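Morning, everyone. Please bring the model up on your screens, and then we'll walk through it.

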Amino acid sequence: MSEYTLDARNSLCPMPVIKTQNKVNELEAGDILTVTCTDPGALNDIPAWCRINGHEVVETCEHGSEVIIRIRVGDA
Amino acid sequence: MSKPRKAVALISGGLDSLLAAKLMLEQGIHVEGINFYTGFCVEGHTHAIRKKDKAKPKRNNALWSAEQLGIKLHILDIIEEYKDVVINPKHGYGANMNPCLDCKIFMISKAKQWMEENGFDFIITGEVVGQRPMSQRKDLLPVVVRESGIDDLLLRPLCAKNLAPTLPEREGWVDREKLLDFSGRNRKPQMALAKQFGFDDYATPAGGCCFLTDESYSKKLVDLWQARNKKEYELDDIMLLKVGRHIRPAPHYKLIVSREDGENKFLNGYRKQFSTIEIKSHNGPLTLVDGELSDDDFKQAARIAARFSQGRDADSVNVLITPLDGEAYSLDIAPMPASEIKQEWYV
């Protein structure tokens, strides 16, 4: 298992989802990806994308204007 | 046992593509969705930049559709490739800058490529014959099939009975008798089918799902091309056309004046790419300035920006001007009276 980060700040939906999708596609099952966004809609969309594609959202939180989402990559 | 067939569904986030995919799932077909992001897509989040729209749910309707269906969704970034569709549409534009027929051909050809790369058997769409004036006219549907190269691997479940059987129907992968014969602009059959499947809260975007069908947006895009004297754009250009008041007091420069706090925050992210004007003595908008301006131009621009601040009726307003490649400086100016702001300046 490895830890990765993704900077998806200053991009509007659906770009944070697309960036997350493309990064996750490069990772192995069990890897952890931490995505930082500034579009608050990512709090809904990235978890939705994870649910339908078999990945787990470990944690979501907000720091000021930033949204941080930690994802455990599934084996789907 | 026969091989399970796999269909790739073009999921826009609207009701028709949701129903088309559901009809295939009901027939036991393995369905996965693809959704294309062109940069011109009307997204809830883009609207949500503006504070007045914050009560609307922030959701991506294509993801919502996929979740309702229980299928995977692949969102494809086609921003770069799509430029040629917008700039050089072989079949021309619709009522505004919408190249709907070229767009449909392009998307079907991209879906075909994805289908082949991922081992899928055919494509489905939520198209309904006669529903849209350009891309879904019965005489133009064969043009989409021919020019996309998809041949008879494109199935339109909602109106299939109005069309010749496709390969999935002829081969018995899907039961044609269970497909539908919708046609025209009447939405009641789709709404009844949605109710039958238990779908509610589906997206009903007024004015379509693409900014290029919007008259005001299209005018701003044409203005951008005229000002640059060439038809080209980057993603930031077309995002900014969705935000703020666009005012062109002279051919060589344009102001983007935020309308409220949400837009202020969004435009703030572009400080490093544009000259800016901030109102310091009163509450007021952040203004991005696109173009190369003289000192007098900046003074005029600041007077216009001040017009949209709470100091609009004051004798003097203090502004901070930050040229893109220069030092910021403070200026006291008189806000421009509304009567001096010409209507033709508004893009």
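Which residues point one way from strand 7 of chain B, and which the other way? Keep in mind that this is a predicted model. B:Tyr253, B:Leu255 and B:Val257 point one way. B:Lys254 and B:Ile256 point the other way. All of them are buried, the lysine included. In a regular strand, side chains alternate between the two faces of the sheet. Five of the five residues of strand 7 of chain B are buried, so the rest of the structure largely encloses this strand.

Now the partners. Strand 6 of chain B, residues 245-250, pairs with strand 7 of chain B over four bridges, in the antiparallel sense. The two form a hairpin, with two residues between them. Within that pairing, B:Ile247 has B:Leu255 as its bridge partner. Strand 7 of chain B is also joined to strand 9 of chain B, by five bridges, and these two run antiparallel as well. There, B:Lys254 has B:Asp290 as its bridge partner.

What packs against strand 7 and strand 9 of chain B? The buried residues of helix 11 of chain B do. That helix covers residues 261-268, and its buried residues are B:Glu263, B:Phe266 and B:Leu267. Look down the helix axis: these buried residues fall within an arc of 95 degrees, so they line one face of helix 11 of chain B.

Let's zoom out. Chain B has 12 helices and 11 strands. Its C-alpha trace spans about 80 × 40 × 35 Å along the principal axes. Of its 347 residues, 44% are buried. Take contacts in chain B between residues at least 6 apart in sequence: 65% of them join residues at least 24 apart.

Next, the parallel sheet. Five strands of chain B form an open sheet in the order 3-2-1-4-5, with parallel pairing. Strand 3 (73-77) and strand 5 (154-155) of chain B are the edges, each pairing on one side only. Strand 1 of chain B, residues 6-10, is joined by three bridges to strand 4 of chain B, residues 122-124. In that strand 4, B:Phe122 stands opposite B:Ala7.

Stay on B:Ala7. Leaving aside neighbours within four places in sequence, its contacts include B:Met24, B:Ile29, B:Val31 and B:Ile123. Which residues have the most contacts inside the largest nonpolar core? B:Ala7 is one of them, with B:Ala9, B:Ala21, B:Ile123 and B:Ala305. That core has 114 residues. Its largest share, nine residues, comes from helix 5 of chain B, residues 100-117. Both domains of chain B take part: the core draws at least three residues from each. In soluble globular proteins, nonpolar side chains tend to be buried together.

Methods: Residues numbered from 1 in each chain as written. Chains lettered and ligands numbered in written order. Predicted model: local features only at pLDDT ≥ 70, side-chain atom pairs only at ≥ 80, totals over all residues. Pairing = 2+ DSSP bridges. Core = buried A, V, L, I, M, F, W, Y, C linked by C-beta atoms within 7 Å. Buried ≥ 20, exposed ≤ 12 C-beta atoms within 10 Å, placed from the backbone. Domains from an automatic or database assignment. Contact = placed C-beta atoms within 7 Å. Arc of directions from axis to C-beta.
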